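Please open the structure in your viewer and keep the selection panel at hand.

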Amino acid sequence: MPQIPEKIHELTVGQLSARSGAAVSALHFYEAKGLISSRRTTGNQRRYGRDTLRRVAFVRAAQRVGIPLATIRQALAQLPEERTPTNEDWARLSAAWRTELDERIKQLGRLRDHLTDCIGCGCLSLETCVLSNPDDAFGERMAGSRLLPVRNPAAAGDGA
């Protein structure tokens, strides 16, 4: 991994990509989504502060565990500008996601435990299906997929 000399306080997009492991296109996407920021040189080239390395690492780690980009952006907005976030900063942000991650783990466990039922059924309307349609009232009355007629409440009272 290429080292950045201490005297360099800003990184080009190529340097940031090489150090972070994120593709240049991903870095541009992160910037467009407000996850990282850069300044422009007089030649309109992007320059990133060194703290952006940690922000990119945080974004990528959060994405790997399934945190939505909007949630990541909200978390990053709470971090201080112009300084590298501390371990305490990261701990505070990640603690807020613990409940959400615990719920995802439960959902994945249910998916694992009931996946063969859904694959075997095919209609995804099993009485025991807790994955695709957990509140399936019609599944109690009939099996299989059905296109139900749509009632137009406005037309119901006109005698048609």
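Helices (H or I, at least four residues) and strands (E, at least two) are DSSP runs, numbered from the N terminus. The model is a predicted one, in which local features need pLDDT of at least 70, side-chain atom pairs count only at pLDDT 80 or more, and totals for chains, interfaces and linings use all residues. Residues are numbered from 1 along each chain as its sequence is written, and side-chain values use heavy atoms, with hydrogens and water left out.

**Stop 1: the whole chain**

Select the protein chain and colour it by secondary structure. Followed from the N terminus, their order is β-α-α-β-β-α-α-α-α-α. Of the 160 residues, 24% count as buried; buried means under 20% relative accessible area, exposed over 50%, and partly exposed in between (1.4 Å probe, protein chains only).

**Stop 2: helices α1 and α2**

Select residues 13–20, which form helix α1, and residues 24–32, which form helix α2. The two helices pack at an angle of about 105°, and their axes are 9 Å apart. Axes here are lines fitted to C-alpha atoms, for helices over the stretch in contact, and angles run from 0 to 180 degrees between N-to-C directions. Helices α1 and α2 are therefore roughly perpendicular to each other, since angles of 65 to 115 degrees count as such, while those under 35 are roughly parallel, those over 145 roughly antiparallel and the rest oblique.

Next, show the side chains between the helices. Val-13, Leu-16, Ser-17 and Ser-20 in α1 meet Val-24, Leu-27 and His-28 in α2; contact means heavy atoms within 4.5 Å.

**Stop 3: Tyr-30**

Remain in helix α2 and select Tyr-30. Is Tyr-30 buried or exposed? Its relative accessible area is 5%, so Tyr-30 is buried. Beyond its neighbours within four places in sequence, Tyr-30 is in contact with Leu-35, Ile-36, Val-56, Val-59, Arg-60 and Gln-63.

**Stop 4: Arg-55**

Move to helix α3, residues 52–64, and select Arg-55. Arg-55 counts as buried because its relative accessibility is 7%. With neighbours within four places in sequence set aside, the contacts of Arg-55 are Ile-36, Leu-76, Leu-79, Pro-80, Glu-81 and Trp-90. Ile-36 is also among the contacts of Tyr-30.
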